[in-house]
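Please read them with the model open.

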Amino acid sequence: MTVNMTKGQAISLQKSDGGTLTAVRMGLGWQAAPRRGLFGSRTREVDLDASAVLFADKQPVDVVFFRHLVSDDGSVKHTGDNLVGGAGQGGDDEAILVDLQRVPVHIDQIVFTVNSFTGQTFQEVQNAFCRIVDETNGQELARYTLDGGGQYTAQIMAKVSRAGAGWQMTALGNPANGRTFQDLMPSILPHL
Amino acid sequence: MTAELVRGQNHPLPQARLEIRVSAGQPVVAGATLVDEHGTVRGTEWVAHPGAHQLPGLEVSRQAAADHRLAVDLGALPEAAHRVNVLLALPTAVGFPARFGAVAAPFVAVTGLDGDEVATFTLTGLDAESAVVALELYRRQDAWKVRAVGQGYAGGLAELLADQGLAQAGELAAAIQDAVGRGLARSVAPPPPRTADGDRARQTARQGAAAQDGVRGSLTGAGTPAQPAPVPQPETPQPQTPPDGPIDYSHPRRRKQPAAAATPSPQPPAPPTQPSRPEPPEPGQPPRPVAGDASGWSMEERLYNQVWGMFEDLARTAAAYRSAVDFAESRMEQELDKVLSDPRSRIGGTGDAARQAARAKRDALVEQARAVLDRDLAQLVAESEVVEPALPPAFARWDNPAWHAYKVPMEIPMALRIGDLHLPERPDLHIPLLVRLPLERGLWIDAGRTGSEAAMMMDTDQLRRVAMDTAVAHAARLLGAYPAGEFTVHVIDPAGAASAALAPLVKSGVLASPPAVGAQGVTEVLARLTERVDLVQMAIRAGASDALPPHLDTAEQLLIVNDFPHGFDDRAVTQLRYLADEGPSVGVHLMMVADREDANAYGPVLDPLWRSLLRLTPVPDAHLADPWVGHAWTYEPLLAPPGSQVLWNVLSQVAAARRAFGR
């Protein structure tokens, strides 16, 4: 039931039965890529951080990230910082919950970003993905794999924007450089 | 790249010759119907099924199986056919599940002839259905597309076919099942349900489906005759029972909301509206609030968490509203500025129109924000209406009947309500301000007139009296919340100015000793409490709490100080600061009833003292900030309703219990 999204693809966040979604979770998972050579099994820890920036008419209003875990209005919640990523595979290492019904009326776009806080480029990360899950029943709606990691330290993953009465999600997948979301602001703005 | 479709999603088909693979954990019947532009199946010759497995451009399996390959050649279909429905049905033969809810979610994939997947779809969320339209291939402007459908029919094939306008639906369904039954006699055992293969995404979808099965299983119970007993067949191993979802760890008879009566705590009366299980909300309506709808080990803890939850929700809802209104205002300002700076707008009516449009945009957004706020406030008001009557005395206002039924408690409540909080958006929605017991900080009842507008309206004497009344009400609450003999109140009233306000405490006999007057009284009380703090601290540090002298009162101590710094010398002030700093950790608390300006002479020396105390006001005042967003909340003290005897009542019971306890 999952859509594997490609860059630039947009999907409407509607439930399969036609109802609108009420809560979604943006999950991020990754592993540090094993290094080759001597002591090749030693992996360096990679700290990726998921952030969500709330925009009203292209103005940033609020940011949810590891130092501000809940948006002031309570609609967007970060479940907490994960400094090392998944030891195994599969589950979300960081997650941001969005209660779409409670998002303030003037917020029209929420942009999700991933930054490498420890400075490694995405070449040193493997099995990284970001996915959007219907929080009410745990069903995965869309998944976007951060493959082909390159010489960049951040990625603007996706945005969730108002479309009519509901919401739609657009996969952006735009590489950028920066340690936290503040460094990314110039790269985010063209996508609004 | 494969498109994993969700229900209702479509995908273009790149080629005309396709294969459709079906995998299900159990043998299923696969078929296809052709539909014309009006959405009807023109006759039985337009249905491909095991009994008639070949049609022009369409071929299906001749028997029920767990895995199918359907061949489709879109170019060879009749001109009139605009749509191909791919359908799955469960065989009605004995020994097979009768509903898709009891089998693993079927998975269908549209592939090219080379086997590359074009689109896939997992049919999750099926329950009582025994036939389902899985996919449809349809013509759209001379191109073909596939759409994930997943429409199930509880009435089986007959209902499915009838829904597509086939007149002979019943007969055909019977014929299909008959053909399947004959085919099954030759069939081999179904493979075990797929578990470990497939990519991660697919597993997730499957787990989701399984989870739904689990939910259903717990609701319908084990008694549903969903799966007939398998008929033993000597030559084939029995089909494995499909897993019925993950294990449900909840106790089968455990109710979600343990009733208040189940907890043997003396205080909470069973709230009037507490269904044993929250009723399912009307579609589109928020669930009806229930008192105690929060996590916790006891009703008291659940109510405490619920009140804090309401506090946070109100803070955040108001934040959302304020932020939206601010944004609307600033956007209007910007637009008005733009209009003003545009020279073209000075001519004619364009400027006015633009100004009006900017205002209308602001109004529309504010109205929208207000609607959301009103929706949330209505929910919180409804919650408050069920929570308030359910609160135990320690959490309740003085006018709550719980205080009329007051009994001296056997144990210390986890928290005490020391006032109400509200926001200007909804002044009648009061959130109880609950502080944990034992108190972590002392209290300062501000008797100063400069503190707030409401205080400015009163003259000094009046305000001091109200402040002292408030202090007495707080002390009565604390006394009432503690079991007999576990809370002692001392009063310093150097000039005897507050004797009228102190009357309830003095006359009911709950005080350990009469209010201390004069400089000598002040010194004596402070010395006694300082000694107690020292002794208990020493005992705790040495780990020798049994070595305390027998005359020492081990109860929590509250010292009410009126008229500070009247009657205080430098030594007494130092002792007071010592009590404020060190007291709370060893159960000695301060309640200052004071005007900060009276103590101006001491200069900044006393600033740490004021800062260490929780400032409360005897009149409504917006000075408390919430921990999440930092709104200014208007604090209102709790006072007994005028003419009410509740305070006396409670104090006399406490006094009687103290006498019985022997203090």
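1. Chain B holds 13 helices and 21 strands. The model is a predicted one. Of the 663 residues in chain B, 41% are buried. Now take contacts in chain B between residues at least 6 apart in sequence: 70% of them join residues at least 24 apart.

2. Two helix pairs deserve a look. Two packed helices are described by the angle between their axes and the distance between the axes. Both values are given for each pair below.

3. Start with helix α8 (residues 460-481) of chain B and helix α13 (residues 646-661) of chain B. Their axes lie 10 Å apart, and the packing angle is about 45°. Angles under 35 degrees count as roughly parallel and 65 to 115 as roughly perpendicular; α8(B) and α13(B) are therefore oblique to each other. The crossing of α8(B) past α13(B) is left-handed.

4. Which residues make this contact? On the α8(B) side they are B:Ala473, B:Ala476, B:Leu479 and B:Gly480. They meet B:Leu647, B:Val650, B:Leu651 and B:Val654 of α13(B). The contact of α8(B) with α13(B) has seven nonpolar residues, one polar residue and no charged ones.

5. Next come helix α10 (residues 518-542) of chain B and helix α11 (residues 570-582) of chain B. Their axes come within 10 Å and cross at roughly 35°. Here, α10(B) passes α11(B) in a left-handed crossing. From α10(B), the contact uses B:Val522, B:Thr523, B:Leu526, B:Leu529, B:Thr530, B:Val533 and B:Gln537. From α11(B) it uses B:Ala572, B:Gln575, B:Leu576, B:Tyr578, B:Leu579 and B:Glu582.

6. How do the residues of the α10(B) contact with α11(B) divide by class? Eight are nonpolar, four are polar and one is charged.

7. Last, a single residue. B:Pro12 sits in strand β2 (residues 10-12) of chain B. Is B:Pro12 buried or exposed? B:Pro12 has 12 other C-beta atoms within 10 Å, so it is exposed. The cut-off for exposed is 12 or fewer.

8. Setting aside residues up to four places away in sequence, B:Pro12 touches B:Ala143 and B:Lys145. B:Val118 is 106 residues from B:Pro12 in sequence. In space, the C-alpha atoms of B:Pro12 and B:Val118 are 8.8 Å apart.

Technical notes: Residues are numbered from 1 along each chain as its sequence is written. Chains are lettered from A and ligands numbered from 1 in the order in which they are written. This is a predicted model: local features need pLDDT of at least 70, side-chain atom pairs count only at pLDDT 80 or more; totals for chains, interfaces and linings use all residues. Axes are lines fitted to C-alpha atoms, for helices over the stretch in contact, and angles run from 0 to 180 degrees between N-to-C directions. Helices (H or I, at least four residues) and strands (E, at least two) are DSSP runs, numbered from the N terminus. A crossing is left-handed if the near helix is turned anticlockwise from the far one by less than a right angle, and right-handed if clockwise. Two residues are in contact if their C-beta atoms, placed from the backbone, lie within 7 Å. Ala, Val, Leu, Ile, Met, Phe, Trp, Tyr, Cys and Pro count as nonpolar, Asp, Glu, Lys and Arg as charged, and the others, Gly among them, as polar. A residue is buried if 20 or more other C-beta atoms lie within 10 Å of its own, exposed if 12 or fewer, and partly exposed in between; C-beta atoms are placed from the backbone. Angles under 35 degrees count as roughly parallel, over 145 as roughly antiparallel, 65 to 115 as roughly perpendicular and the rest as oblique.
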